[in-house]
Amino acid sequence: MKRITATIAGSLIALAATVSASFADKLTYYCSAQEDWCQLMARSFEDATGIDVNMTRKSSGETFAQIRAESSNPKGDVWWGGTGDPHLQAAEEGLTMEYMSPMRDQLHDWAIAQAESAGNKTIGIYSGALGYGFNTDLVAANNLPEPSCWKDLLKPEYKGHVQMANPNSSGTAYTTLASMVQIFGEDDGFEFMKGLHANINQYTKSGSAPIKAAGRGENTIGIVFMHDAVKQAVSGFPIKVVAPCEGTGYEIGSMSIIDGARNLEEAKMFYDWALSVEAQNLALQVNAFQVPSNKGAETSESAPDMSLIKLIDYDFKKYGSSDERKRLLQKWDEEVSTLPQ
Amino acid sequence: MTPAKATQTPPVLIFWIVAGWVGFVLCPWYGVEDGFFSFEWLVDGYPFEEDYSPAAFLVGQGEKLWLAPLLIPLLLPLLALGREKSDPTYFRILTVAGALGFGWLIIQGFSIGIRGFNFQWMNAAFGALGDRQFGMGYGAMICASAFLFLFTQGIAARGAVNGDVFVVGAIGGVVTIVTAFVFFPIANMLFSAFVTDDGAYSISAFVGKFFDDRLWGIGCFFGTRCGAALNSLVLAIAVGFITTVLGLAFALVVTRSGFRWKRLLRALTVLPIITPPFVIGLALILLFGLSGSVTVFIADLLGTQPTRWLYGMPGVLIAQTLAFTPIAFLVLIGVVEGVSPSMEEAAQTLRANRWQTFRTVSLPLMRPGLANAFLLGFIESMADFGNPLVLGGNFDVLSTEIFFAIVGAQYDQGRAAVLAMVLLFFTLSAFFAQRAWLGKKSYTTVSGKGDAGVHPLMPNGLAIPAMIVALSWAIFTATVYGMIVYGSVVELWGVNNSITFKHYVTAFSIRIEEEGIRWTGAAWDSFWTTITIAAIAAPLTGAVGLVTAYLLTRQSFAGKSAFEFGTMLSFAIPGTVIGVSYILAFNVPPIEITGTGIILVVSFIFRNMPVGVRAGIASMSQLDKSLDESSLTLGANSWQTFRRVILPLLRPAILAALVYSFVRAMTAISAVIFLVSAEYDMATSYIIGRVENNDYGLAIAYSTTLIFVMLSAVALMQLIVGRTQIGRRMTQSRTNV
């Protein structure tokens, strides 16, 4: 046994050699935005402060699950990016902590409103409006009319051409469901979802998958956040972005400090830095077309112009709460997803 | 084995007594937060700083007093020094000390956690603790091993397994780690199936989730959707059946036909092992998706609209058949070759024609192989995660449902646990069925004697269809893999098909600077992590596997069959289940390793251990037991025999197990996706990220690179192992080859 123990110890020491012991300050950073944006934020923060950043990228749902699983022994320090609902839910469950950043006076009102609705446990870093995009080649090939409103998607000629994510697994799709309820009222909103269900070819698991499938020509119309659709169009895919005529809901990408963070000082430094013009301008380098929360930050020319889109007065507090969420999802599960297609 | 002096203390005993004290007095008791291998603590207030303090210093300063009782089992073995092994007091002292120490470590570890007492009734009984403890570190680990091996020495002294200290210690060690890293997390997770929303245990919580329509619904017969359990079951049976038929066709063509390119067909067997997940799925989309080249071509030809037929059961079925047919082939080729030609010749001498011979003699003798291939296909399909994720469409299967129950917006741990139980039930049933089937009948036709016959060729009525099936499937496989390589060098597949190497550049660019090479490519981080973790896990997997195989083939002891079952069990546990259970079990003390590289290494060891065990068993059963006996008769103990006689003869098996577990660790995804962290991101989870981001070019380029890396690893192994075998054959008497 001794020899075996020695072998084991030997190979463990080999691991040690690869993990260089670092004496610098560090930060464990959970990121729920797109990979390259996450990477860029991490590297730029390292350059700006000399703090070592450990970054994990997971979707906001996965990150929320992880933070909740780790709540008795938090491993992460700061959680940046991803749709606001899980951040609000984390705040509601006490998984994140209150922090008043000195940068707040530079931010748009919607970013502050997001913070205030959660007892300042989270803050808005970017926003994006919901909409859809369609593959122009496929629309032409199938002789379909170009849709421009939400209600257009209910037309029978789009049967089998529409894709959205499953609201149970995707924050984007939940935002869609909650927006329809707010635009049309609860009863008509669910009627809309039922009508849509008949045309849906697949409920994907991830929120932006429908437009990616449309980009590759595997689907015709994808209901997603418009900035995701713009990104596909900019990458060279034949995608046209639509801001639906009835008006639409939106998300506020958020940031929170995890309660019990082991590197609290560094987390606060990151938080302040992430709200600065300098950090928010980085989005343009990676084709992230969301609207930044700092008033001074640049917006892309390709970004959907928020002032031209009819935005509804989205009630984040109500529709972000876990009770309302559970109720709507259960109702959707029972009344919509069980219908034949 | 009589010692020179009757009262001489065995050095092993002294070693473990000293180790126990070192663990208690010198090493930091709790896990060091900066990581297992950061030694900053040595200069940072050790030994008095509470975070790095050894247990003795903690107790000495009046803290963590629950560690104080450990002194008793540490002092106790000192009384055994100088006593004879045959003295009953000797074994009593050691068993009691070991059991007490180990037991107390576990009890205190589970009772006192980050928030004081872990159980309500303890707060009620003893009052709030007002103190807490984190995960175990070096000190606790060393102490635990010391107690364990003191205990096994005690048992050995009492006469278990002929008083063999090494064998008893090895059994104890394997049982402990398998319990800690297989049974404990699984049991822990299954319990969470009974937890209600407010944290109480209730059977109705389980029943409600178990009889969910999303699990067992039969809606697909009425126009809506079927439950995930039903989907998984149907899919797995279909995949098992198809892969077995295809595998048999391949095996027959290779062994019983005049086909010229047999070696090429054999090379196919290596494919599923070295293919990263998702790649097959992606290639299928690019061929048969709505805008896939084949779909569009055929739609144009027939003048119809292309459809999304691929998404759902058809796509998953094709992808899994592609992936798992080679496994069936691998199993069946051995069986088909193993059927003794003498039997078939006997049948032919008795005037059976080729068809009758095949149907009444060869085929029945292949039955265990067919069953085995079917069950392997069944289990692999059940556990598969990557293909349903990419191609599933609205076709939900258990493995992906488990994933989304945990990571989805609902975050329903209980549901994940229930789904995992159903999945586990299916795979375990298959596992038991396989063992039951193969255990009872004897199909052995290869005896030690020379069997110089030649297999008869297949009857023509069989040869032609088998050849057509095998060839067309081989061509299809080759096309799919060709598409993979092609996909990695086009700009934007389907949109812009110009040839470019930019994906490789993005992933693997390097820059040479004054300080040396800078790995600037996006993939390097995860690539090196993957190589490192796989390289560390492989020898450990091999070691655990071989020791276990040695115990199973060479020793007999009480509870051996339960032991065997336990070590093979992790084969039947799907990766998703392992991943979920690890994150639940090892995020809290006493074993707190989530977010580290260690958890990845550990998960690979126990995922791949059955492979090491089986490789070991297979080659050890070929070594005559008389070799061990002569070594033992000449005065070596069992450890020396294992080390000097058996291990050198097993070199090829060891090498094979090493390469296999290395490669498996590089392509694993289902468990890994739960366990990766900021510091330790693996190649496969990085690739998923790219796939999610529509960055197919980079994902496929990275996968292609991995395929070639693994291919060279396998080729290297073939080269070395091949030589060793030839060397042995030359020295032995020639049998039929």
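**Close-up 1. Domain assignment of chain A in the predicted model**. Chain A is assigned two segments for domain 1, 27-127 and 252-303. Domain 2 of chain A likewise takes two segments, 129-250 and 321-336. Between the C-alpha centres of domain 1 of chain A and domain 2 of chain A the distance is 26 Å.

**Close-up 2. Contact between domain 1 and domain 2 of chain A**. Domain 1 of chain A contributes 14 residues, which are in contact with 13 residues of domain 2 of chain A. On the side of domain 1 of chain A that touches domain 2 of chain A, α3 (60-69) and α4 (84-92) of chain A each supply at least two residues. The most comes from α4(A), with four residues. This side of domain 1 of chain A has nine polar, three nonpolar and two charged residues.

**Close-up 3. Packing of helices α24 and α30 of chain B**. Helix α24 (residues 524-554) of chain B packs against helix α30 (residues 651-667) of chain B at an angle of about 140°, and their axes are 8 Å apart. Because of this angle, α24(B) is oblique to α30(B). The two helices, α24(B) and α30(B), cross in a right-handed sense.

**Close-up 4. Residues in the contact of α24(B) with α30(B)**. From α24(B), the contact includes T530(B), I533(B), A534(B), A538(B), P539(B), G542(B), G545(B) and L546(B). Among the residues supplied by α30(B) are I654(B), L658(B), S661(B), F662(B) and M666(B). By class, the contact of α24(B) with α30(B) has 13 nonpolar and five polar residues, and no charged ones.

Notes. Residues are numbered from 1 along each chain as its sequence is written. Chains are lettered from A and ligands numbered from 1 in the order in which they are written. This is a predicted model: local features need pLDDT of at least 70, side-chain atom pairs count only at pLDDT 80 or more; totals for chains, interfaces and linings use all residues. Axes are lines fitted to C-alpha atoms, for helices over the stretch in contact, and angles run from 0 to 180 degrees between N-to-C directions. Angles under 35 degrees count as roughly parallel, over 145 as roughly antiparallel, 65 to 115 as roughly perpendicular and the rest as oblique. A crossing is left-handed if the near helix is turned anticlockwise from the far one by less than a right angle, and right-handed if clockwise. Two residues are in contact if their C-beta atoms, placed from the backbone, lie within 7 Å. Ala, Val, Leu, Ile, Met, Phe, Trp, Tyr, Cys and Pro count as nonpolar, Asp, Glu, Lys and Arg as charged, and the others, Gly among them, as polar. Domain bounds come from an automatic or database domain assignment.
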